[in-house]
Amino acid sequence: MEDSIEMILQDYGRVLPTSRPHPVLSACTGALLTGFYGLWSLFVMPGFRKIPWNLKVPYLPSSKVQTLNTMKLLEGRTGHLVDLGSGDGRLVFAASSAGFRCTGFEINSILVAYARSKALWAGVPSSQATFVKKDFWKTDLSTYNNVTAFLAPGVMGVLGEKLLRELPDDALVIACRFPFPNWPHRSSVGSGLDQTFAYDIGSVRSHLRNVVNPVV
Ligand SMILES: C[S@@+](CC[C@H](N)C(=O)[O-])C[C@H]1O[C@@H](n2cnc3c(N)ncnc32)[C@H](O)[C@@H]1O
């Protein structure tokens, strides 16, 4: 006798795993995803609302190699250094241990609090490393002679204009991973995602002047 469709389906149910997810498993997956999203938004979102869309840069820490490459380009330099978007402070700490007086501007209050507590824990005095919760686009940078920036390709052109307006001629700018469009770099270290580029502001200014008014 032929099996009824109900009997065939019952047999399949015994052999094949049920397609309905286990309720506890789905609840755990949901909770995990919500937790990850919560953490992500805590670190990426605070303070961002006031920054225009085209200038928003999310948090992504420098790799160890990238930090070392940046420090190589800073060799022989002294003075006051600013890290634009200092994140957890790793570049600021590396530069302050090389003797720079450092300031990190960071829009994300959680990262600022984290970097400050790391400085406290490591006994780094605020005269060597200061973390300021501030939008660097709204900050005058004219007192700094060393600048580091690990940001995003889309903001480098606008940042270049700001730096050219504000920095002294003897300033050195280090761009991590994303170079400035149309600026000639003095040197670069590393390759791929860890590449860093050094620019002398004085040389960039005279190059750009020559492009606008070529010497004949
Ligand atoms: C790619 S991460 C680099 C972090 C750190 N400099 C490093 O090398 O590990 C860029 C950082 O810039 C911060 N940032 C973005 N826009 C900012 C702004 N307008 N003012 C201050 N910080 C900003 C972000 O919150 C993020 O922490």
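**Reading the ligand shell and the strands**

Trainee: Which residues are closest to the ligand?
Mentor: This is a predicted model. In it, 22 residues surround the ligand, and the closest are Tyr59, Ser62, Gly85, Gly87 and Ile107.

Trainee: What classes of residue make up the shell around the ligand?
Mentor: Sort the residues by class and count. The shell has 13 nonpolar residues, with five polar and four charged ones besides.

Trainee: Which helix and which strand each supply at least two residues of that shell?
Mentor: Helix H4 (90-97) and strand E2 (101-106) do.

Trainee: Is E2 mostly covered or mostly open?
Mentor: For burial, count the other C-beta atoms within 10 Å of a residue's own; 20 or more make the residue buried. Five of the six residues in E2 are buried, so E2 is mostly covered.

Trainee: Which strands does E2 join by bridges?
Mentor: Look for bridges and for the direction of the strands. Strand E1 (residues 80-84) runs parallel to E2, and five bridges join them. Strand E3 (residues 129-133) is also parallel to E2, again with five bridges.

Trainee: What are the bridge partners of Cys102?
Mentor: Cys102 of E2 is the partner of Leu81. In E3, Cys102 has Ala129 as its bridge partner.

Trainee: How does the chain cross from strand to strand?
Mentor: Follow the path over the helix. From E2 the chain crosses through helix H5 (residues 109-122) to E3, in a right-handed β-α-β crossover. The crossover from E1 through H4 to E2 is a right-handed β-α-β crossover too.

Technical notes. Residues are numbered from 1 along each chain as its sequence is written. This is a predicted model: local features need pLDDT of at least 70, side-chain atom pairs count only at pLDDT 80 or more; totals for chains, interfaces and linings use all residues. A residue is near a molecule or strand if its C-beta atom, placed from the backbone, lies within 6 Å of it. Helices (H or I, at least four residues) and strands (E, at least two) are DSSP runs, numbered from the N terminus. Ala, Val, Leu, Ile, Met, Phe, Trp, Tyr, Cys and Pro count as nonpolar, Asp, Glu, Lys and Arg as charged, and the others, Gly among them, as polar. A residue is buried if 20 or more other C-beta atoms lie within 10 Å of its own, exposed if 12 or fewer, and partly exposed in between; C-beta atoms are placed from the backbone. Two strands pair if DSSP finds at least two bridges between them. A crossover is right-handed if, with the strands pointing away from the viewer, the path from the first strand over the helix to the second runs clockwise.
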